[in-house]
Structures are given as structure tokens and as C-alpha cells.
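I opened the notebook to follow the strands first, then the overall dimensions, and then a handful of single residues. The entries below keep to that order.

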Amino acid sequence: MTDDIVKEAREAIALSHEFDRDNRREAMEDLRFVSGDQWSEKAKTERKGRPIITINRSSQFLRQVSNPIRQNMPTIKVEPDGKDDLQGAEVINGLFRRIQYNSSASHVYANSVEHMVACGIGWFRVTTDYLDQDSFDQELLIKRIFNPLSVYPDPSSMEPDRSDMNWCLVSELIPKKAFEIRYEGKASTSVDSPSDGSSVAWGSSDYVRVAEFWRRKEVPKTLARLTDGQTVNITDMPKRQLEQLKALGMIEATRESKGYSVTMDLVSGQDKLADTYECPCRWIPIVPVIGAEVPLEQGIYRHGLIRFQREPQQLHNYFLSVAAESLGQQPR
């Protein structure tokens with residue numbers, strides 16, 4: 001069973017990487033560009049010993065979009081269907097405000113938007129945690145995903161929020177020493193280390209990849225509408241209780257429906273590292289913040305604001321470098 005899960009995770013991450021390879025390559029270049037690495041290796045070699053000036057204006061474009069979010073956080077709000085639901089909606093809105101306050105959600109949203117502006121996509125997650133170390137009570141939290149390229153979604157998902165994902169991986173490369181301490185007894189040997197970028201490396205001489213493998217499976221169910229207006233799930237209802245409802249004439253109608261179960265397995269390239277986590281949700285709790293997506297014959301082209309700012313910025317850097325070189329060669 002463990003081997004099957006690891007094999008499925010490896011196949012899934014390879015499929016997602018292959019489908020989105022071009023977008024991921026361009027997104028990595030966008031992030032490098034934002035960090036200030038704006039000269040190609042060829043240009044650096046040609047101008048060796050000559051001025052290479054970088055005036056990084058990319059950050060100001062990012063901040064123009066993200067700073068208003070930090071100052072005026074977008075909030076999740078519930079609207080009642082009718083006047084009778086007004087009090088309930090106020091209670092739920094209070095809970096949402098508490099969740100976002102405890103999560104520092106403004107920073108999470110801004111971080112995701114910065115990634116969206118920079119490389120076309122950002123991610124955050126909804127998770128649970130205990131209130132404190134001595135409590136059994138849990139709370140919902142909104143957490144950032146630091147590296148947007150660490151997420152490998154189901155390529156068949158088409159919804160804007162990717163709520164139709166049937167699987168998703170969130171992975172990271174951690175040092176071998178840290179892996180051996182954190183997952184004592186698990187194999188840390190290199191599984192593979194492709195050097196051509198054709199696949200995702202699960203290991204190297206110094207690092208081991210660890211991935212959350214989220215899966216969503218369809219679960220058929222039978223619903224019944226009762227005479228008092230309630231809708232109940234009778235799929236796993238005890239036979240005796242179901243017969244009582246029928247005998248009392250309380251079931252008006254039944255229909256077949258479908259639900260979903262969501263699980264997460266923590267895997268390396270060789271082992272399952274923890275027990276399966278069953279998520280109390282019908283969706284995979286990994287949420288994207290997506291820039292522009294253009295459907296093309298050969299796939300989807302995704303970009304952010306920085307993609308088309310790269311070449312003008314490089315031209316700006318080149319002109320300033322040439323100007324500095326010319327001024328440096330002139331006599332006083």
C-alpha cells in the first residue's frame with residue numbers, strides 16, 4: 001500500500017511538471033528578475049570588466065498592488081438569505097474575522113498577490129491547529145505557501161479557484177541531515193537526480209524531497225427529503241432506522257448524489273513518512289491566486305505583471321550601463 005502511494009505521488013508530480021513546464025520555467029525567470037538578477041549570463045560575459053548596472057524597478061510595481069491589500073485587508077463575508085438568517089450571518093462573520101485576525105491573513109493574501117503579480121500564480125492554504133499545547137480544541141487558520149513553485153496541481157482542474165482538483169502536491173527539498181533527524185528511520189538515499197530538467201528530482205547528494213500528496217475521491221451517497229423539510233444522508237443509516245422512517249411515511253423522496261473525501265499522505269521518493277490525514281472538507285484546502293491565463297492550442301499560457309516588464313527593464317539597465325561607461329571614459 002505504501003509503495004502504491006509513493007508511486008502514485010511520483011507519477012502525479014511528474015505529470016503536473018510536464019504539463020506546466022513552460023509556465024514554471026518562465027515563472028522562475030520572473031522571480032529571479034524580481035530579486036535583481038536581470039542580466040543574462042551571455043550579457044555578463046560580453047560586458048566582463050565593464051559597467052553592469054541594475055536599476056530594479058520591479059519591486060515598486062509589486063508594492064503598488066500588494067500594499068493596498070496590507071492596509072485594507074479583503075475580508076470573507078457571509079450574506080444572509082433572508083431576515084431570519086441575519087443573526088446567524090453576524091455570528092459567522094465574527095468567526096471569519098477571528099480566523100483572519102489570528103492568521104494575520106492580510107500578510108498571507110499580500111504574499112500570494114505578490115507572487116501572482118511576479119510570476120502569474122501564488123498559493124495559500126487553509127489548515128487547522130490546536131489553540132495551545134495543552135488543549136484539544138482546534139481552530140481554522142489561513143497560512144501562506146512561501147514558494148509558489150512548490151505546488152504541483154492537478155492539470156485537469158479548470159475552475160478559477162481550482163476547487164475541482166482531484167489531487168495536488170506541495171513539496172520542498174530539505175537537507176539530508178534535517179531529514180534524518182525529522183524522519184528517523186526513513187531512507188534518505190537519493191532516489192533520482194535528473195540533470196536535464198525533464199523531471200522532478202526527488203533526491204540529490206545533499207537534499208531529499210518531501211511532499212504532501214493531497215487526494216480527493218468521489219464518494220456516492222443517497223439523500224432523502226423528509227416530510228418536515230430536512231434533507232438527510234441515508235447511505236450508511238442503520239437498516240432498522242431507515243425502515244422506521246419508511247414505515248412512518250417520513251421520506252418524501254430520495255436521490256443519488258456524490259460527496260468527496262479528502263486525504264493527505266506525506267511522502268518522500270521512497271517512503272510514506274506519516275499516517276494518512278483525513279481532511280474534514282470536500283475540497284483540497286490549497287487555494288491559488290492566479291494572474292492572467294490565455295488558452296492556446298498547445299496549452300495554457302499564464303503570466304503576471306512582471307513578464308512583459310522584463311525586456312524594457314533590461315533595455316533600461318543596458319542604456320544606463322552604456323551611459324555610465326561613456327561618462328567614465330570622458331576626460332574631466
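**Entry 1**

I began with β1 and β9, which pair in the antiparallel sense over five bridges. For the record, two strands count as paired if DSSP finds at least two bridges between them, and the elements themselves are DSSP runs numbered from the N terminus, helices being H or I over at least four residues and strands being E over at least two. Within this pairing I looked up isoleucine 121, whose bridge partner in β9 is isoleucine 290.

Before going further I noted the basis of the work: this is a predicted model, in which local features need pLDDT of at least 70 and side-chain atom pairs count only at pLDDT 80 or more, while totals for chains, interfaces and linings use all residues. Residues are numbered from 1 along each chain as its sequence is written, and side-chain values use heavy atoms, with hydrogens and water left out.

Taken together, three strands make an open, antiparallel sheet in the order β2-β1-β9. The edges are β2 (138-144) and β9 (286-290), each of which pairs on one side only. Neighbouring strands of this sheet are turned by 25° against each other on average, direction ignored, where axes are lines fitted to C-alpha atoms, for helices over the stretch in contact, and angles run from 0 to 180 degrees between N-to-C directions.

Which helix lies across β1, β2 and β9? I found that it is α6 (residues 105-119), running at about 155° to β1; contact here means heavy atoms within 4.5 Å.

**Entry 1: a hairpin**

I then turned to strand β10 (residues 292-296), which pairs with β11 in the antiparallel sense over five bridges. The two are joined by a hairpin through two residues, and I noted that glutamate 293 has arginine 302 in β11 as its bridge partner.

**Entry 2: the whole protein**

I counted nine helices and eleven strands in the protein. Its radius of gyration is 26 Å, whereas a compact globule of 332 residues would have one near 20 Å; the radius is taken over C-alpha atoms, and the globule rule is 2.2 Å times the number of residues to the power 0.38. Along the principal axes, the C-alpha atoms fill a box of roughly 105 × 55 × 50 Å. Of contacts between residues at least 6 apart in sequence, 67% join residues at least 24 apart. Of the 332 residues, 36% count as buried, a term that stands for under 20% relative accessible area, with exposed over 50% and partly exposed in between (1.4 Å probe, protein chains only).

I looked up serine 66, which has its place in helix α4 (residues 58-71). Is serine 66 buried or exposed? At 0% relative accessibility, it counts as buried. Leaving aside neighbours within four places in sequence, serine 66 is in contact with Ala110 and Glu114. I also recorded that serine 66 and threonine 254 are 188 residues apart in sequence and 49 Å apart in space, C-alpha to C-alpha.

Glutamine 309 lies in the loop between β11 (299-303) and α9 (310-329), and is buried, with a relative accessible area of 14%. Its side chain and that of serine 58 are joined by a polar contact of 3.0 Å, a polar contact being a pair of N or O atoms within 3.5 Å; within protein, one must be able to donate a hydrogen and the other to accept it, and residues adjacent in sequence count only if both atoms are side-chain atoms. Beyond neighbours within four places in sequence, I found glutamine 309 in contact with Phe33, Arg57, Ser58 and Phe61.

Serine 135, in the loop between β1 and β2, is buried as well, with a relative accessible area of 18%. A polar atom of the serine 135 side chain lies 2.9 Å from the backbone nitrogen of aspartate 137.

**Entry 3: positive phi**

Serine 104 has a positive phi of about 50°; it lies in the loop between α5 (86-102) and α6 and is partly exposed, with a relative accessible area of 38%. Arginine 162 has a positive phi of about 55°; I found it in the loop between β3 (151-153) and β4 (167-175), where arginine 162 counts as buried at 10% relative accessibility.
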